[in-house]
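Please keep the sequence and the model in view while reading.

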Amino acid sequence: MPAFATPQNAQRRLQPILRSKLIARLTTPHGVDRYLEQIDPLWSAFETRARVTEVTRQTADTVTLRLQPNANWQGFVPGQYLQLSVDIDGRRYTRCFSPANSCHAKDGHIELTARINPEGTLTRHLRDHAHAGMIVGLSQAAGDFALPAQRPERILLISGGSGITPVMSMLRSLCDEGHRGPITFLHYARSKEDQLYTEELEQLAARHANVTLLRSYEQGAGELYGRFSREQLESAAPDYADATTFLCGPPPMMAAVEAVWAADGLNAQLHRERFVVAASAPATAETTGGELRFVRSERLAVSDGATLLEQAEAAGLRPDYGCRMGICHACSCRKTTGRVRDIRDGRLSGDGEEDIQLCVSQPVGSVTLEL
Amino acid sequence: MSIYDTLSPKDFEAIGAEFDAIREDVLADLGSRDADYIRGIIKRQRQLEIGGRAMMMLPPTWLAGIGALSASKILDNMEIGHNIMHGQYDWMNDPAVSSRHFDWDTANSAEQWKRTHNYEHHTFTNVVGRDHDVGYGLLRMSEDQPWEPRFLFNAPLAVILHLFFQHFVAIQNLKLEDYLVYKTKTRAELREEFRPMWKKMRKQLAKDYALFPALAGPLAPLVFVGNVAANATRNVWACAVIFNGHFPEQVEQFDESVVDNETRGHWYVRQLLGSANFEGSKLMHIMSGNLSHQIEHHLFPDLPAHRYAEIAPRVRAVCEQYGLPYNTGSFWKQTASTWKRILRMSLPSKRQPEAAPQQPATTEARLAA
Ligand code: FES
């Protein structure tokens with residue numbers, strides 16, 4: 001049976017059994033995955049995990065991973081993102097990345113490129129320690145920044161810095177599909193050395209007559225000069241009003257592009273992905289004035305500096321609690337963004353997703369809670 | 001007179017600072033050592049469980065199977081479940097070891113237990129009337145509980161509690177004594193409260209007493225009996241460990257008034273006076289979920305339990321400095337002491353609690369009286 005050739009296929013065949021009710025009953029209360037992972041970390045009936053098969057460093061401040069996901073990975077639409085989880089010194093860190101590969105890749109691999117944030121634990125760890133064989137956690141792909149199933153005829157891709165990854169995936173997928181319509185790829189980088197996927201972009205442009213590659217570097221010459229402007233756009237892609245445009249890059253560049261599209265009343269044709277989520281609060285910020293977002297109950301409050309439990313209650317929510325002094329963990333809650341300070345010892349949390357205790361946490365800046 | 005009254009407010013403040021410092025040192029040091037430890041224990045538990053269940057299906061290895069499954073259940077409940085559900089590994093951010101998600105291999109549901117144990121027991125440790133673990137509504141464990149004729153059966157009831165511990169803990173939230181003894185709870189109320197508990201109990205009962213025996217085909221009775229034995233072994237051991245942690249003779253019980261305006265220092269001291277350790281081998285510590293260090297556990301319920309042995313000398317030093325007792329002894333010494341108390345409490349005490357009301361409305365009101 002050639003279908004059994006890859007472990008992924010073998011797993012897929014077993015999935016209906018592993019997910020059966022009988023197995024669930026026999027493995028209650030832990031569930032089958034807590035047993036399977038003891039045999040092989042990639043084995044899982046429900047969870048998506050992947051093995052790093054290759055690590056490359058295209059530029060000085062990025063790292064590119066090739067991942068082989070397990071059978072639970074359901075694929076993605078070019079442009080979407082996923083969450084990557086990595087254990088670092090015992091703690092799990094999670095960040096979003098966009099796959100950069102074509103969605104038609106035969107081997108089912110995922111390619112992620114991370115720009116190293118000098119203050120980011122996860123990306124610094126990837127820079128220093130990512131290696132083939134490493135196991136990581138994945139979420140399924142998500143996000144509406146994605147190529148529509150009915151591919152638009154005329155496509156304009158605009159990216160800056162590491163914002164290239166989702167649009168790279170779009171370009172690679174379209175080329176694999178033999179897309180006929182014109183595609184213009186507009187990219188902004190600091191210098192040629194800082195640009196990702198240089199060679200491949202050049203090859204794609206050389207091989208596909210409908211692909212136009214235009215780059216602008218802050219230092220050194222590209223096909224274009226200077227920052228994004230209306231004039232530059234009009235000479236580079238004069239028919240931009242007819243195109244469906246996908247935009248991803250640093251905030252100032254995105255703002256410049258958005259302004260042009262808004263002025264022309266073309267907002268409906270501009271799809272964008274914000275790469276940099278609201279900057280995390282500095283460690284010294286006050287605990288008042290930040291925004292508290294309670295996502296499940298869709299409520300918003302302005303922080304008054306009290307503990308999150310008190311503030312949630314003041315906002316009319318009824319979170320679980322017990323001791324209100326930090327010992328029972330009844331008030332544990334998922335924080336999705338922002339930092340909190342532990343009132344017992346002043347310790348500052350990370351700014352990623354983690355479980356916190358509402359009764360002993362004060363928000364530092366804006367905080368989002370699954371509450 | 002309790003040591004409580006000999007310490008000055010300044011002392012309490014200093015004690016609070018000393019214990020806080022120990023806590024912070026461990027917090028600052030958490031890392032892959034702790035993650036590897038708990039994952040290692042989980043791996044061992046899963047091996048014992050799978051091995052145990054398999055061996056139990058073969059007559060020659062039946063006894064070994066019971067041993068392995070008992071050990072697996074003990075590890076699952078004590079070093080893994082109890083500690084994870086205390087939030088000791090929440091900092092790892094891994095749902096598999098998070099107090100929000102973990103459930104254990106016992107009849108009691110995680111949700112219910114976190115309420116009675118993490119909150120009631122750990123906040124109101126040994127406060128008669130607030131901490132239902134003082135006697136589980138079944139036994140008389142403190143002079144402050146008024147004597148009733150049913151407590152003549154304290155010792156045999158304690159044996160029954162040990163044997164069926166998982167089920168007693170599962171229904172602890174029902175406060176069954178309010179229905180059976182004090183008639184303050186109706187049958188309908190009881191049935192309503194029992195429903196969520198039954199959801200978890202049913203699954204556990206089905207797994208151990210129907211599904212796994214059925215898998216063994218003609219050897220079903222062997223597996224059934226084996227599972228009864230493994231559950232009972234775990235029950236007796238878990239109950240003994242917990243009793244040793246709070247009921248040896250020197251351990252204090254408290255009146256509800258102590259929790260009013262309690263400072264951090266007072267809280268630490270109450271945890272200390274309300275707990276007792278026992279000594280033993282490394283294996284003994286692991287198999288007790290490190291509740292052999294009940295004192296350290298009550299001072300720092302959300303620090304990874306395998307750290308308790310490391311910090312115990314520092315805790316002891318603080319006790320010595322302030323003349324606080326540090327109740328410890330061998331497992332058997334603490335067990336004997338506990339049973340002495342159980343027997344003593346079956347008879348009315350010379351010292352009567354002041355002004356017990358005639359018709360208490362609920363367990364809490366009655367015990368608190
Ligand atoms: S309510 Fe007990 S830890 Fe927050």
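In chain A, strand 7 (residues 155-160) and strand 10 (residues 244-249) pair in the parallel sense over five bridges. Two strands count as paired if DSSP finds at least two bridges between them. Strands here are DSSP runs (E, at least two residues), helices are DSSP runs as well (H or I, at least four residues), and both are numbered from the N terminus.

The model is predicted, so local features need pLDDT of at least 70 and side-chain atom pairs count only at pLDDT 80 or more, while totals for chains, interfaces and linings use all residues. Residues are numbered from 1 along each chain as its sequence is written, chains are lettered from A and ligands numbered from 1 in the order in which they are written, and side-chain values use heavy atoms, with hydrogens and water left out.

## The parallel sheet of chain A

Strand 7 of chain A also runs parallel to strand 8 of chain A, and six bridges join the two. A:Gly160 has A:Tyr188 in strand 8 of chain A as its bridge partner. On strand 10 of chain A, A:Cys248 is the residue opposite A:Ser159.

These strands belong to an open sheet of five strands in chain A, with the order 9-8-7-10-11 and parallel pairing. Strand 9 (211-217) and strand 11 (270-274) of chain A are the edge strands, each pairing on one side only. Direction ignored, neighbouring strands of this sheet are turned by 10° against each other on average. Axes are lines fitted to C-alpha atoms, for helices over the stretch in contact, and angles run from 0 to 180 degrees between N-to-C directions.

How many residues of strand 7 of chain A are buried? Six of the six are, so strand 7 of chain A is largely enclosed by the rest of the structure. Buried means under 20% relative accessible area, exposed means over 50%, and partly exposed lies in between (1.4 Å probe, protein chains only). A:Ile155, A:Leu157 and A:Ser159 point one way from the strand, A:Leu156, A:Ile158 and A:Gly160 point the other way, and all are buried.

Helix 8 (residues 251-263) of chain A lies across strand 7, strand 8, strand 10 and strand 11 of chain A, and runs at about 155° to strand 10 of chain A.

## The antiparallel sheet of chain A

Another open sheet of chain A has six strands in the order 4-3-6-1-2-5, with antiparallel pairing. Its edge strands, each pairing on one side only, are strand 4 (91-97) and strand 5 (110-115) of chain A. Neighbouring strands of this sheet are turned by 40° against each other on average, direction ignored.

Strand 1 (residues 48-56) and strand 6 (residues 135-138) of chain A run antiparallel and are joined by four bridges. A:Thr48 has A:Leu138 as its bridge partner in strand 6 of chain A. Helix 4 (residues 121-129) of chain A lies across strand 2 (62-69), strand 3 (82-88), strand 4 and strand 5 of chain A, running at about 70° to strand 3 of chain A.

## Aromatic rings

Rings of Phe, Tyr and Trp (its six-membered ring) pair if their centres lie within 6.5 Å; planes under 30 degrees apart count as stacked, over 60 as edge-to-face and the rest as tilted. Over all chains, a search of the whole structure finds 18 aromatic pairs. Two of them are listed here.

| Pair | Centre to centre | Angle between planes | Type |
|---|---|---|---|
| B:Phe243 and B:Phe247 | 5.1 Å | 75° | edge-to-face |
| B:Phe278 and B:Phe331 | 5.1 Å | 80° | edge-to-face |

B:Phe278 lies in the loop between helix 10 (264-273) and helix 11 (282-287) of chain B, and B:Phe331 lies in helix 14 (residues 331-345) of chain B, so the pair ties together parts that are 53 residues apart in sequence. B:Phe278 is buried at 2% relative accessible area, and B:Phe331 is buried at 8%. B:Phe243 is buried too, at 1%, as is B:Phe247, at 2%.

Ring pairs also link B:Phe19, B:Trp267, B:Tyr268 and B:Phe300 into a cluster.

A charge sits over a ring if NZ of Lys or CZ of Arg is within 6 Å of the ring centre and within 35 degrees of the ring normal. B:Arg46 lies over the face of A:Tyr35, 5.2 Å from the ring centre. B:Arg53 has its charged end over the ring of B:Phe212, 4.2 Å from the centre.

## Cysteines

A disulfide is a covalent bond between the sulfur atoms of two cysteines. Here it is taken as a pair of cysteine sulfur atoms within 2.5 Å. The count by this rule is zero disulfides over all chains. A:Cys248 is buried, with 0% relative accessibility, and A:Cys359 is buried at 7%.

Notes: Contact means heavy atoms within 4.5 Å.
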